[in-house]
Structures are given as structure tokens and as C-alpha cells.
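Hi,

Here is the structure I promised to pass on.

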Amino acid sequence: MSVPGIRCDDHRRRWDVREFEKKASDRIENLRSVKKKTNTTDESDDDDNNDDDDDEKQKQRKSDEKKIARTLLQARECKVDLESRLGKSVIVTKATAPSDAGGYYCNVCDCIVKDSINFLDHINGKKHQRNMGMSMRVERSNVDQEEKMRAQRRDKKKDGKKRKLEEYQSTNDNDNGVEDDMAAVMGFSGFGSSKK
């Protein structure tokens, strides 16, 4: 609101400071009366303490909110099916169910994602994991668990090497048998190698 009695040729607006101070103090008093109604505790009139009290109350509200116990992040137990509908044409109408429509459907979050990369991003993302009841935190491992995992990896690596060696030897044994059969059919004893 402009203050009356100011020159008309001045284009700048001038505000009545007293009027706005009065409005501000009324608003503050209304807020204090509402706080007194909601809280049975007495509050001090000091503004610094009010700010601290407000911060504490906000923290308390957040902690008082219903906390959902979420499990730690776990490995997926089932295989993600990305190839079953690959390259197939689907006619989509208004009556088509969302799971049968084009794209990848997430039944946990009830959403459709258009391509496989975004679908993988979705199922590994925070929103999907929360809907599954998991937090994004991983269980911390201790020294014993790490030693067990290293031993398992070492054993798996040794087993893989043994299996590859056995496969190689079995293929070489079969190749010699094929050569001997071929030589017998052709009517001579070998293909020129004197060593066996």
C-alpha cells in the first residue's frame, strides 16, 4: 500500500512499513496460538529458541513417521526374461491388458517400460527395490565371509580348468580314433606319422 502524501511525479512505489510490520506480527501471533493448541508444552518467546524448536520438531516428525522395516539388498533369484517377446508383433488396443501391451511390464510397480535397457535400469533401481521391500543397502561382510568367498572362487576356477583339460583330452582321443578308422577304410595304416 502506498503512503499518501507523496509526490505524484515519483514513479517508485513506497510501502507503509508500519502496516506490514503489523501484518507480520499478527501472522506470528496466529502461528504461536496454533502451536500452543497443538502442543501442551510452553514455548519461549525468544525467536532463536523457536527456530531451534522448529528444527527439533521437524526431525521428530520424520522419526515418528511410520518406518517400514526393509530387508537388505539381495541377489535376484529368478532369471529376467528379456528374449521371450523379442521380434514379435503385438496389436495393442484400449482393451489390451498392460502386461500384454508393447514393452516390458513390471507387475510390482505396475508400469510399462518400452525397451530392455530401461527395464533393467528400472528393476535395479531404487523405486522398484523399495516396492519389493528392500533397501538399497548391502549387507557388510566380515573377514571370515570374504575368506569363504575367495576359497569358493578358487575351487570354481580349479574345477573349470580341470573340466577344460578333460574336454580337450577327450576330443583329442576321439580325433585319433577317427583318423585310425579313416586310414583303415582307405587301406593303409596311417597318415605318414611314425610317432604314436
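Below is what turned up, going from the overall fold to single residues.

First, the ground rules: this is a predicted model, so to speak of local features I needed pLDDT of at least 70, and side-chain atom pairs count only at pLDDT 80 or more, while totals for chains, interfaces and linings use all residues. Residues are numbered from 1 along each chain as its sequence is written, and side-chain values use heavy atoms, with hydrogens and water left out.

**Overall layout**

The chain has five helices and two strands, arranged along the sequence as α-α-β-β-α-α-α. Helices (H or I, at least four residues) and strands (E, at least two) are DSSP runs, numbered from the N terminus. Of the 196 residues, 9% count as buried; buried means under 20% relative accessible area, exposed over 50%, and partly exposed in between (1.4 Å probe, protein chains only).

UniProt, in an unreviewed entry, annotates residues 101-135 as "domain: U1-type". The UniProt positions are given in the numbering used here, feature names are shortened, and annotations may be inferred rather than shown by experiment. In the model, that span is 40% helix and 17% strand, and its end C-alpha atoms lie 30 Å apart.

Asp-110 sits in the loop between β1 (104-106) and β2 (111-113). Its phi is near 55 degrees, a positive value in a residue other than glycine. Most residues other than glycine have a negative phi. Asp-110 is also exposed, at 53% relative accessible area.

**Salt bridges**

One joins Glu-19 and Lys-23 (4.0 Å, N to O). Both residues lie in helix α1 (residues 17-38), four residues apart, or about one turn of the helix. Glu-19 is partly exposed at 26%, and Lys-23 is partly exposed at 44%.

The other links Arg-163 and Glu-167 (3.9 Å, N to O). Because they are four residues apart in helix α5, about one helical turn separates them. Glu-167 is partly exposed, with a relative accessible area of 45%.

**Surface patches**

Patches are made of residues with over 30% relative accessible area and no salt bridge, joining like charges within 9 Å and nonpolar side chains (Val, Leu, Ile, Met, Phe, Trp, Tyr) within 5 Å. Lys and Arg count as positive and Asp and Glu as negative, with His and the chain ends not counted; each charge is placed at NZ of Lys, CZ of Arg, CG of Asp or CD of Glu.

The positive patch consists of Arg-150, Arg-153, Arg-154, Lys-158 and Lys-162. Arg-153 lies in helix α5 (residues 143-186) and is exposed at 52%.

A nonpolar patch is formed by Met-182, Val-185, Met-186 and Phe-188, with about 420 Å² of accessible area together (Shrake-Rupley method, 1.4 Å probe, only the protein chains shown counting as cover for residues). Met-186 lies in helix α5.

Cheers

Definitions and conventions:
A salt bridge is a side-chain nitrogen of Lys or Arg within 4 Å of a carboxyl oxygen of Asp or Glu.
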